[in-house]
Structures are given as structure tokens and as C-alpha cells.
Amino acid sequence: MSHAIEPVPKKFRPAPEHTASPDDPEAFWKKELARASTSAHSLLQRLDLLHLINETDQETDFTCLATDTYIDKIKTGDPNDPLLLQILPLNKEHDENIQSAGSTDPVGDIEALASQGLIHKYHGRALLISTGACAIHCRYCFRRHYPYQQASYSSKALHDVTHYLEQHTGIEEIILSGGDPLVLDNNKLSGLLAKLETIEHIKTLRIHTRIPVVLPGRINNGLLDLLQSSRFHIVMVIHSNHANELQQTECTNLHRLHHAGVTLLNQSVLLKGINDNADILVELSKRLFQCKTLPYYLHLLDPVTGAMHFDAGTEKALDLKTEMERQLPGYLVPRLVQEIAGNKSKTAIFRI
Ligand code: SF4
């Protein structure tokens, strides 16, 4: 399953949309996405932090990107805000001394490509890179170097993808990933689901998405109807790293998804300086539970070049897990895991 593909710069943003009106829910979220902040300068200016501009990388291929909704949750004037630190491109992303331990494909995605955009690593599950677009650029992203232009699903790849899935009858779960699959609008998503639903042995659709956290307007009635009417058991894994990301609107939307029959889970990445603190992780778990979402995984950082400064280390992670176990019921303690390229499942991290 090996494909030699050269990385290309990411071009994540979809085409601008100019036709939004309050009674057009699809155009509404597309309009917010189209006006998302795309420069460190404008972000810092808006947050009264322009004095930090010399610490930022304004030339990066992996551009700054964040929605108004997300930026509104950042405290003005606070250079250490945990949400700001997730989106601000810093010069240290290119510091050789820090970044040399990372790689451009830390979890072995390219090696596991079974068809264009289809990654088959684990028994019973296959993952579809349904788009390269996102509503936010998380600086720790393990796919920040992924060659989306050549190795994402597209309508041209549909035949090969469905053929592979049809032939592999052991695949019971399809995981939509990206990029962010909910950047696809309801029409595109509906077409994709309709195709996948024709493959009888697929029972579960899992959607990995940051959208409920960064673009809550995307969770519209059309999406809820689409998910509710699918024959699949739908699992949505939101990616929240800090309780500040889950304010009232986000929590209300998660309740709506829950009432639409969606199983809600969360996975976080342990990020130095952002959430590597027991009180923060405990608060996140409690907040997720209020929002009908169970903490599923706490990931050690995938060692990707450009993000190694977020690495909190395994020992710290184990200490944090012990403290979470002390403070929380078991069902609110996420599994501490690491994805190791070539392994047939996530690797649980324990203290021996
Ligand atoms: S972590 Fe997810 S939402 Fe963030 S940049 Fe990567 S793919 Fe996009």
C-alpha cells in the first residue's frame, strides 16, 4: 500500500461565498468561513497584541486561519491565551533545534494509502481524507504537511474508493477525516453518504471534526436531518483541547447532535503551555460531559515537524493522567494514547 507522493503546500480555504442571508443556513456558515482571519497580523491587531508580531511567521505555507467565532473566545491582550496559542504561527515552528526530532508524516499516513484519499491502517476501519479544507489551522496538526492535492478523496477517485471498500468486506466503519469533513456542505456530504450507504458491510460512520468548536453555525438543521436519516450509526469525534472552546453555543449544538442520535466523543492533544495541567484537563472533561460528550482519547503529540515545541513529554502525560484519575470518575478520564506509524491500533500509554 505504498505510494510515493511529494508534499505540496496546503491550500485549505474553500472559495469565498457571498450569498448568505439569515434564512439560508448553508450560506450563513460559508460566509463566516470565507471571512476567517488568515494573517497573524490581523489576528494580533484584533486582540491588541501587535507587539508580538516579530515572534510570528507570516510567510508560512501552513497559513494562519481562524473563524470569528473562535477568535471571539480568546481574551484580548492575553499573549498566553490557550486558544490563541493553538492558532498563532510562531517563528519557533522553524527552529531547527526544536523541530529536528519531528517528521512530515509522523503517523505513516502515506504508507497506508489504499486508494486516493483512503487510508487503511486498522482492522475493520478505513479512513477517508474527505477534503483538505479546514475552518481553523491548528499549529500542532499532524497533517500539516499532508499532500492534500494528490491524496484526498475527490469525485474522480470515487470509483476506486468504493471499489476498494466493496472488496474489503471486513471494513465495518468508515471514518471521515481531513482536513475537516464538515467543511463539505450538506449537498456534498449527502452525496458522499449516499454512496457509502450502498456498501452493505459498512455499519458505522465516524466523523472527526473541529467544526462544532470553531464554526458552530455549520451545525444546522439540514446537517442534523442528514445525520438522523442515515442508516449508519453515526459517531462524531470532536477535537477540543480546552474548556474555553466549549461555550454556550457550542454546548447547545452538541446537545442538538446528541438528540439527533449522534454518539459524541472527544479527543484532545496534550499541548505544552496550553492544556498540560491537571486542573485544565479535569475542567475540560467536566465541560464535555455537560455537553453530552465523553472524553475518549488524550493524545501525546504526534511528532510533526513544526509542532515539536508543543511536546509535553510522556512522563508529564502520565502524571496528568494519574491526577485526572484521582479527581474524576473513570468514565471522564480519557485514554492516554499515542499513534505509532505501522502499529495496528493506537498505543495506550501506561506507567509500568
Ligand atoms: S487538527 Fe484538524 S482542524 Fe486542525 S488543521 Fe489539522 S485537520 Fe484541520
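**Reading the labels in this structure**

Me: Which residues is Cys-138 in contact with, once its neighbours within four places in sequence are left aside?
Reply: Leaving those neighbours aside, Cys-138 is in contact with Gln-86 and Ile-87, where contact means that the C-beta atoms of two residues, placed from the backbone, lie within 7 Å. This is a predicted model, in which local features need pLDDT of at least 70 and side-chain atom pairs count only at pLDDT 80 or more, while totals for chains, interfaces and linings use all residues. Residues are numbered from 1 along each chain as its sequence is written.

Me: Why is Cys-138 called buried?
Reply: A residue is buried if 20 or more other C-beta atoms lie within 10 Å of its own, exposed if 12 or fewer, and partly exposed in between, with the C-beta atoms placed from the backbone. Cys-138 has 22 C-beta neighbours inside 10 Å and therefore counts as buried. Its place is in the loop between β3 and α6 (148-151); helices (H or I, at least four residues) and strands (E, at least two) are DSSP runs, numbered from the N terminus.

Me: What makes a residue part of the shell around the ligand, and which residues are in it?
Reply: A residue is near a molecule if its C-beta atom, placed from the backbone, lies within 6 Å of it. The residues surrounding the ligand are Cys-134, Ile-136, His-137, Cys-138, Cys-141, Arg-143, Gly-178, Gly-179, Asp-180 and Arg-210. With Ala, Val, Leu, Ile, Met, Phe, Trp, Tyr, Cys and Pro counted as nonpolar, Asp, Glu, Lys and Arg as charged, and the others, Gly among them, as polar, the shell has four nonpolar, three polar and three charged residues.

Me: What kind of peptide bond joins Gly-178 and Gly-179?
Reply: The bond is cis, with omega at about 20 degrees. Most residues other than glycine have a negative phi, and most peptide bonds are trans. Gly-179 has its place in the loop between β4 and α8 (186-197).

Me: What sets the phi of Asp-48 and of Lys-292 apart?
Reply: Phi is near 60 degrees in Asp-48 and near 65 degrees in Lys-292, and each is a positive value in a residue other than glycine. Asp-48 is found in the loop between α2 (40-46) and α3, whereas Lys-292 lies in the loop between α12 (278-290) and β8 (294-299).

Me: What makes β1 and β10 edge strands?
Reply: Ten strands form an open sheet in the order β1-β2-β3-β4-β5-β6-β7-β8-β9-β10, with mixed pairing. The strands β1 (113-115) and β10 (347-348) each pair on one side only, and are the edge strands.

Me: Where do the domain bounds come from, and how far apart are the domain centres?
Reply: The bounds come from an automatic or database domain assignment, which divides the protein chain into domain 1 (25-99) and domain 2 (110-348). The centres of the two domains, taken over C-alpha atoms, are separated by 22 Å. The contact takes 26 residues from domain 1 and 29 residues from domain 2.

Me: How do you know how confident the prediction is along the protein chain?
Reply: The predictor's confidence in each residue is its pLDDT, on a scale from 0 to 100. The protein chain averages a pLDDT of 93, and 94% of the residues score at least 70. Over residues 1-20, however, the pLDDT is below 50, although this stretch has 45 contacts in the model beyond near neighbours in sequence.

Notes:
Pairing = 2+ DSSP bridges.
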